[in-house]
Amino acid sequence: MQVVNAGLREMRVSDLDAVMDIERRAYEFAWSRGNFVDSLAAGYVAQVLCDEQDAVQGYFVAMAGVEEMHLLNISVEPRLQRRGLGLQLLDGVLLSATLHGAALLWLEVRPSNQRALRLYERYGLHAVARRRAYYPAMVDGRAGREDAIVMSSPVETLRRSRGMD
Ligand SMILES: CC(C)(COP(=O)(O)OP(=O)(O)OC[C@H]1O[C@@H](n2cnc3c(N)ncnc32)[C@H](O)[C@@H]1OP(=O)(O)O)[C@@H](O)C(=O)NCCC(=O)NCCS
């Protein structure tokens, strides 16, 4: 079932209670509030997807570089996952990448995060590299590390496949 919402808007400091509530439930290794505060202060692209009462349903944070957009965080309220909001957020990332003149969109993802991997592959992103022991992880009940898969795609290709041209 599709979820009704009011679309994406810029993330504000006043959203961070709601964002952190989702972040802590969405990840085993969550970003800290400070990570979001720093991202906003640094002028990263940060947007929230809200319902018609302005309650946060999901969000993304991305860093615009020289001709590229690096997606750093994308999350959906766990109770609202698997209803197309992840896809809607990715379209927001793609639009932001376009507005920033980025030629390339890229991100890192854990190989164990099958849901995110499937979403990105379906969206048209491809694995291009692997960073060894990039993420903190629990391995057999102990603190360890997990690789990151680097995925990317030209913005133009994604825009075409999403019918944005
Ligand atoms: C990864 C994440 C952002 C995806 O968000 P999402 O809202 O669940 O994504 P979507 O709903 O667009 O797509 C996910 C699945 O739901 C399915 N789906 C989408 N719309 C649907 C609908 N209306 N009805 C039924 N299923 C639907 C998709 O086909 C997809 O299925 P699949 O996993 O079997 O391939 C979300 O799972 C999340 O926040 N995870 C925790 C944080 C995280 O891992 N972020 C990524 C870090 S790299």
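**Contacts and overall form**

Tutor: Contacts between residues 24 or more positions apart make up 62% of the contacts in the protein chain with a separation of 6 or more; two residues are in contact if their C-beta atoms, placed from the backbone, lie within 7 Å. This is a predicted model, in which local features need pLDDT of at least 70 and side-chain atom pairs count only at pLDDT 80 or more, while totals for chains, interfaces and linings use all residues. Residues are numbered from 1 along each chain as its sequence is written.

Student: How many helices and strands does the protein chain have?

Tutor: Helices (H or I, at least four residues) and strands (E, at least two) are DSSP runs, numbered from the N terminus. The protein chain has 5 helices and 7 strands, and along the sequence they follow the pattern β-α-α-β-β-β-α-β-α-β-β-α. Its radius of gyration, taken over C-alpha atoms, is 15 Å, close to the 15 Å that the globule rule (2.2 Å times the number of residues to the power 0.38) gives for 165 residues, so the chain is as compact as a globular protein of that length. Of the 165 residues, 26% count as buried, that is, with 20 or more other C-beta atoms within 10 Å of their own; 12 or fewer makes a residue exposed, and values in between make it partly exposed, with C-beta atoms placed from the backbone.

Student: In what order do the strands of the sheet lie?

Tutor: Strands of a sheet pair through backbone hydrogen bonds, either parallel or antiparallel. Two strands are taken as paired if DSSP finds at least two bridges between them. Here an open sheet of 7 strands has the order 1-2-3-4-5-7-6, with mixed pairing. Strand 1 (7-10) and strand 6 stand at the edges with a single partner strand each, so one side of each is left without a neighbour in the sheet.

Student: Which residues stand opposite one another in the antiparallel pairs?

Tutor: Strand 2 (residues 45-50) pairs with strand 3 in the antiparallel sense over 6 bridges, and alanine 46 stands opposite valine 61 in strand 3. Strand 5 (residues 104-109) runs antiparallel to strand 7 (residues 142-154), the two being joined by 6 bridges; leucine 105 faces serine 153 in strand 7. Strand 7 also pairs with strand 6 (residues 126-139), in the antiparallel sense over 10 bridges, with valine 139 opposite arginine 142.

Student: Where is aspartate 140 found, and is it buried or exposed?

Tutor: Aspartate 140 is found in the loop between strand 6 and strand 7, a hairpin with 2 residues between the strands. Its phi is near 50°, a positive value in a residue other than glycine. Aspartate 140 counts as exposed because 5 other C-beta atoms lie within 10 Å. Glutamate 67 likewise has a positive phi, near 60°, and is found in the loop between strand 3 (56-64) and strand 4. With 12 C-beta neighbours inside 10 Å, glutamate 67 counts as exposed.

Student: Which residues of the shell come nearest to the ligand?

Tutor: A residue is near a molecule if its C-beta atom, placed from the backbone, lies within 6 Å of it. Of the 20 residues around the ligand, Gln81, Arg82, Gly84, Gly86 and Leu87 come nearest. Strand 4 (68-76), helix 3 (85-99) and helix 4 (114-123) each supply at least two residues of the shell, and helix 4 gives the largest share, 4 residues.
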